[in-house]
Amino acid sequence: DAPRVLFAMDRLRQIDPDRVRDALPQLTTHASPQVRAAALRASWTLTHEGRLELSRARVDDEDAEVRGLAVETIARSLGEDAHDELCALASKKDDAVRAAAIGALLRYGGLDGMLDGAPRLRTLLESRDPRDRIVAAQTLGLAGQTSLERALARLLDDDDPSVRQAALVAASTTATLRILPRLIDALEFRAFRRAATNAILSLGN
């Protein structure tokens, strides 16, 4: 079952990482989405020669987290050469895929990635649809760039609670000390408390 597989992966990565690397093709197709996600993350450091193909095969996975990780793995594998593929993925209607693709353009795409990713992010930020603004928050979290704190602040002040929640989650990778007052204010609301606490703690790392 999944917990046993995840435990075995963790132990083997410490004592015999080659065994985990060799098993990645099987692990990325495991019945459990948690195992598939863990396998994709493992491929970031245990480089498998088929990593790119393995990740592309999971872009249409039934699990949203796995799809997002697949996109990030493509970006990590190709770097700036992933530009055209990421632009195509960013145009998909799948929220998890487009958030990961835009975030990857901003994080791994170099200048061309910024030039293509930033307008897409702005469109999401300015959308009247809360779902788009949630995707914007997820994109910020995946991009993990503190230079985007103004966009994060905008989402932390959003009228929609779901957008604010997504922004608080993103703050764990994007916030700076200038965002701290907003994070402290969020502690007053029970629904936001956990995400706000995690974001505040991340500022100390």
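Which residues in α6 meet which residues in α8? Here are some notes on that and a few other points, bearing in mind that this is a predicted model.

1. To take the opening question: on the α6 side the residues are H83, C87 and A90, and on the α8 side they are D112, G113, D116 and R120. Sorted by class, this contact has two nonpolar, two polar and three charged residues.

2. The geometry of that pair is worth a look while you have the structure open. Helix α6 covers residues 83-90 and helix α8 residues 110-125. Their axes are 10 Å apart and the packing angle is about 5°. Angles under 35 degrees count as roughly parallel, and α6 and α8 are therefore roughly parallel to each other.

3. Next, helix α10, residues 149-156. Six of its eight residues are buried, so α10 is largely enclosed by the rest of the structure. The buried ones are E149, A151, L152, A153, L155 and L156. Among the elements covering them are α8, α9 (130-143), α11 (161-174) and α12 (180-186).

4. On to charges. Side chains of opposite charge can pair when their charged atoms come close. The count of salt bridges here comes to 15. One of them joins the side chains of E85 and R56, at 2.8 Å from N to O. Because E85 lies in helix α6 and R56 in helix α4 (residues 51-56), this pair ties together parts that are 29 residues apart in sequence. Both ends are partly exposed: E85 has a relative accessible area of 23%, and R56 has one of 37%.

5. D94 and R67 form another salt bridge, with their closest N and O atoms 2.5 Å apart. D94 sits in the loop between α6 and α7 (95-108) and R67 in helix α5 (residues 64-78), so parts 27 residues apart in sequence are tied together. The two ends fall into separate accessibility classes: D94 counts as partly exposed at 24%, while R67 counts as buried at 13%.

6. With D95 in helix α7 and R131 in helix α9, the pair ties together parts that are 36 residues apart in sequence. R131 is partly exposed, its relative accessible area being 45%.

7. Finally, which residues are linked in a network of salt bridges? They are R36, R58, D61 and E62.

Technical notes. Residues are numbered from 1 along each chain as its sequence is written. This is a predicted model: local features need pLDDT of at least 70, side-chain atom pairs count only at pLDDT 80 or more; totals for chains, interfaces and linings use all residues. Side-chain values use heavy atoms; hydrogens and water are left out. Axes are lines fitted to C-alpha atoms, for helices over the stretch in contact, and angles run from 0 to 180 degrees between N-to-C directions. Helices (H or I, at least four residues) and strands (E, at least two) are DSSP runs, numbered from the N terminus. Angles under 35 degrees count as roughly parallel, over 145 as roughly antiparallel, 65 to 115 as roughly perpendicular and the rest as oblique. Contact means heavy atoms within 4.5 Å. Ala, Val, Leu, Ile, Met, Phe, Trp, Tyr, Cys and Pro count as nonpolar, Asp, Glu, Lys and Arg as charged, and the others, Gly among them, as polar. Buried means under 20% relative accessible area, exposed over 50%, partly exposed in between (1.4 Å probe, protein chains only). A salt bridge is a side-chain nitrogen of Lys or Arg within 4 Å of a carboxyl oxygen of Asp or Glu.
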